[in-house]
Amino acid sequence: MDQPERVGSVRLPYSTQYPVEWEADVVLRDGSTIHVRPIRPEDADAIQRFQMAQSERSTYLRFFAALQRIPDRMLTQLVTVDHVRRTALVAVRPGSADGAAGAAGADGPDGPDGPDGGDGADRTEDVVGVARYDVTDDQPGRRTAEVAFNIADALQGQGLGSVLLEHIAAAARERGVHRFIAEVLPQNRAMLGVFREAGYAVEQHLDDGVVTVSVDLDPTDRSREVMADREHRTEARSMQGLLSARRVLLVGPAQGGTVDELLAARVREAHAADPGDTELMVLGDDVTWADLGPGGGPSSPSTPSSPSSPSTPSVPNQPDAPSEPNQPGAPAGKVEVDLAVVAAPPDEVLDAVRRLRGTGARGVVVLSAGWAEAGPDGVARRRELLRTAHTEGMRVVGPASYGLLTNVPGASLRASLARRAPRPGRVGLFSQSAPVAVTAAETVKRRGLGLSTLVSAGHRADVSGNDVMQYWQDDPHTDVVCLYLETLGNPRKFSRIARRLALVKPVIVVVAGRHGSVVPPGHTVRATRAPRRMLDEVLRQSGVIRAENTHQLMDVAQVLAHQPLPAGGRVGILASSPSLAALVADAVAAAGLTVVGPLEPLSAGAPDDEIAAAVDALYAPGACDAVVVVSVPVVLPRTDALARAVADAAARTGRTTVVSALGLHGMPDELASGDVRVPAFSTPEDAVWALGEVVRYAQWRTQDHGSPVRPALRQGVSDGVARAQARTLVEALLRRDEWPDDGTVLDQDEAAELLACYGLTLWRARSVRTADDAVAAAEALGWPVALKIAAPALRHRADLGGVRLDIADAEDLREDAERMLAAASSLLPAPDPVLEVQAMAPTGVACVVRSVEDELFGPVVSFGLAGDAVDLLDDVTHGVPPLTDVDVARMVRGVRAAPRLFGYQGAPAADVAALEDVLTRVSVMAEDLPELASLELYPVAVAERGAAVLHATIRLRPAERRTDALRRALPG
């Protein structure tokens with residue numbers, strides 16, 4: 001691990017080397033992409049070109065003076081930074097000097113596994129935006145910097161200023177800067193708006209004709225909301241650019257034989273069989289590169305053209321991007337394309353992406369494999385693919401993708417390997433795996449379900465399920481979202497987006513492998529040490545429906561796509577035999593639902609009037625919330641009278657209905673009434689399971705999901721938390737000369753000081769080595785006291801003599817101390833055992849609160865009751881901050897031993913509110929401090945009044961960027 005470096009008089013817990021992790025590809029307001037990275041000295045010429053291209057007004061607003069050309073001395077200062085006290089970020093796009101495509105410098109994040117470097121020395125870039133800060137107040141915990149921005153005239157209004165503010169603020173927080181100061185001319189309303197609308201705490205005042213703006217960089221609920229909303233709009237528009245494509249270019253060999261040749265031939269065959277509303281142009285047959293525009297031609301910061309068809313799906317409430325008939329620099333008469341589908345070896349794919357520059361293409365679908373799964377060289381090629389595509393303003397779907405399909409009326413897209421698209425429907429389907437996409441598409445056809453959209457991301461180098469969920473949230477053609485995920489590259493972002501989407505549309509998820517811990521070849525995902533149940537917790541917090549396989553995925557989808565959400569869990573049953581009725585009733589109870597009404601069977605061959613009477617009784621007002629109908633004739637042939645009666649009743653009453661009938665499956669015509677269709681299942685158990693998941697989702701939609709936790713105010717702690725003081729302390733602790741790779745463990749005094757910043761009081765304990773020292777400590781702390789062996793292996797082991805409680809006098813304490821020292825000497829390898837003396841806390845239930853900073857999930861908070869049995873049975877709940885008050889309450893009540901907190905077997909009830917307050921403060925602390933590698937409060941004694949933290953183990957280490965940092969970046 002790099003040791004801290006000295007900057008000026010301050011020794012810092014971070015390196016001043018080029019911070020490659022700050023590089024990122026970002027989506028702008030119009031859906032195009034741009035590259036953001038730290039500035040480098042060799043950017044001087046690009047900065048000068050940028051300045052000379054700026055308008056006189058933009059120059060005056062930035063420098064308060066006319067400055068057509070930057071003086072050499074100033075230019076040197078602008079591009080010379082230390083990435084700590086002086087930092088600058090630039091937004092770049094391919095330059096026009098030599099026509100090279102791509103981006104220079106080290107790579108940005110390559111998927112969710114983080115950054116990797118690359119020299120890119122042969123690439124020319126144009127700077128289109130600059131953000132910089134210079135530290136003016138260098139006191140730890142109060143570090144303040146002056147910030148300034150400059151945006152290219154052609155990109156003003158595209159949200160680049162907001163993007164750069166997010167990124168420079170994230171970089172500043174990592175360097176201990178938590179306040180920006182900016183001087184802005186009053187007429188620079190756009191820049192003032194960027195500060196004001198970002199959601200941070202902002203103060204401003206006018207002095208001598210200049211507005212001084214002060215921005216507190218601590219994230220707020222509003223700043224998180226603003227970032228999430230902007231992220232949603234931009235990523236949705238980016239996906240809209242792909243899924244609204246009408247002109248598709250196929251790039252691939254023409255003859256059959258190799259895998260790539262077969263893929264290209266399959267695309268041509270599929271388009272011939274089902275073209276939809278897509279115009280497919282085959283490179284080499286229909287068009288040449290020369291026909292498509294000047295590959296490697298002049299660069300421009302202008303945006304790609306927008307779809308002009310009136311039937312193109314739109315994203316509501318989003319500012320429209322400028323629409324150009326052709327990309328700037330494309331000669332008149334050139335053919336523009338919207339999307340490219342490429343089946344070729346990796347090097348040829350890279351060449352094709354470079355040649356697509358200037359054609360109007362908003363994305364490329366890579367069908368072929370041979371990238372990250374091929375080893376380090378393949379990983380490097382994949383990084384180059386993303387770098388090239390993003391700097392050209394394009395998104396990448398794949399590699400190893402099955403393609404894209406939409407069924408938008410009048411604007412259906414066909415850019416996949418599917419010979420026939422599924423029928424139009426209200427279900428959106430995303431699959432990482434191409435084989436699973438094939439299976440799912442065929443299952444949809446067989447069930448007659450229908451799709452609005454099919455997106456196969458393959459190895460998910462760029463476009464992910466998060467992007468597609470952003471699009472589907474506002475897509476008027478999609479009512480139900482289905483996701484098949486092989487990996488979650490960014491669980492925090494997934495949870496945040498899925499939860500927002502699930503509040504308006506149901507989301508059904510299958511994760512490959514029960515625990516999502518298997519990474520298939522071609523995927524790059526950060527390692528995780530989180531418990532296997534962590535994925536379940538992420539999905540639960542997201543509000544999604546978890547399915548175990550594609551069969552269950554489709555079972556739930558066909559209910560949600562064609563039936564209303566049930567108002568409750570009361571289920572009425574109509575079955576063709578008593579045994580079936582009993583079977584269904586048992587399944588309903590197992591699903592957590594309630595059977596209502598009589599279980600009177602309707603025998604096979606019943607006359608129509610008897611069927612009508614039974615169905616009318618079942619669907620009577622208030623009789624139930626949902627209906628399960630099971631019909632399996634044994635001797636007589638099946639008739640459709642019951643199916644028609646049930647379909648008509650379901651349509652008439654709006655009652656959620658599922659059917660399991662011999663010979664019916666999926667969405668059969670026999671169960672249709674007008675626009676309403678009732679889903680049919682192969683078995684009663686499948687029908688009831690799917691209904692149970694739908695009921696649970698409907699209940700989740702109507703529940704109070706709480707509000708973000710806020711620690712209660714305490715004396716001396718502003719807003720319940722002293723963040724600045726905590727930062728100062730963490731920085732000081734990490735400025736130690738050395739620390740092991742796994743961080744530095746705080747002593748109890750240091751832990752107490754850090755916990756106090758978050759309103760947590762650690763009960764003081766004194767370390768002793770003799771019986772006399774123990775008595776002296778007890779006299780100072782006050783009787784009665786507890787005595788413990790300080791070694792972690794014995795600290796909580798009363799059964800091994802590691803703990804003595806409620807010692808009331810010196811004589812008993814001496815005896816216990818001598819006995820304990822002898823026991824410790826025999827049980828521990830250390831020759832000189834240490835004991836701890838602590839004042840007795842009020843008697844209560846012993847609990848454990850932990851937090852771990854995981855590389856993939858970020859902060860993970862867990863809760864359980866203390867004791868060997870609890871540990872052995874893994875009776876622990878988990879949560880991923882930021883938590884709501886409802887999440888905290890669920891964690892406390894979610895352990896199986898929770899009854900002990902609520903007066904179990906006559907014991908007094910514990911102060912659960914005080915316990916929840918401890919858990920709340922730990923979750924806020926874990927969210928605030930990525931340096932908090934691990935924390936354990938063990939035990940937390942929860943008495944009838946209050947909760948006492950008796951011991952804390954805290955480990956700090958230099959922070960790494962979380963997967964869901966407070967800045968927009970691709971891939972997501």
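Visitor: Which residue stands opposite Gly879 in E36?

Guide: Val861 does. Keep in mind that this is a predicted model.

Visitor: How do E34 and E35 pair, parallel or antiparallel?

Guide: Antiparallel, over eight bridges. A hairpin of three residues links E34 to E35.

Visitor: And how many bridges between E35 and E36?

Guide: Three, again in the antiparallel sense. E36 runs over residues 877-879.

Visitor: Is E35 mostly covered or mostly open?

Guide: Mostly covered. E35 spans residues 858-865, and eight of its eight residues are buried.

Visitor: Where do side chains point in a regular strand?

Guide: They alternate between the two faces of the sheet.

Visitor: OK, helices now. At what angle do H20 and H21 pack?

Guide: About 150 degrees, and their axes are 9 Å apart. H20 is residues 723-733, and H21 is residues 748-756.

Visitor: What does that make them, roughly parallel or roughly antiparallel?

Guide: Roughly antiparallel, because the angle is over 145 degrees.

Visitor: Which hand is the crossing?

Guide: Left-handed.

Visitor: Which residues of H20 and H21 meet?

Guide: From H20, Ala726, Leu729, Val730 and Leu733. From H21, Glu750, Glu753 and Leu754. By class, that contact has five nonpolar residues, two charged and no polar ones.

Visitor: Next pair. How do H22 and H23 pack?

Guide: At an angle of about 135 degrees, with axes 9 Å apart. That makes H22 oblique to H23.

Visitor: Is their crossing left-handed or right-handed?

Guide: Right-handed.

Visitor: Which residues does H22 put into the contact with H23?

Guide: Ala771, Asp772, Ala774, Val775 and Ala778. They meet Ala810, Leu813, Arg814, Ala817, Glu818 and Leu821 in H23.

Visitor: How many of those are nonpolar, and how many charged?

Guide: Eight are nonpolar and three are charged, with no polar residues.

Definitions and conventions: Residues numbered from 1 in each chain as written. Predicted model: local features only at pLDDT ≥ 70, side-chain atom pairs only at ≥ 80, totals over all residues. Heavy atoms only, no water. Axes fitted to C-alpha atoms, helices over the stretch in contact; angles between N-to-C directions. Helix = DSSP H or I, 4+ residues; strand = E, 2+ residues; numbered from the N terminus. Parallel < 35°, antiparallel > 145°, perpendicular 65-115°, else oblique. Left-handed = near helix turned anticlockwise from the far one by under 90°. Contact = heavy atoms within 4.5 Å. Nonpolar A, V, L, I, M, F, W, Y, C, P; charged D, E, K, R; others polar. Buried < 20%, exposed > 50% of the residue type's maximum accessible area, 1.4 Å probe, protein only. Pairing = 2+ DSSP bridges.
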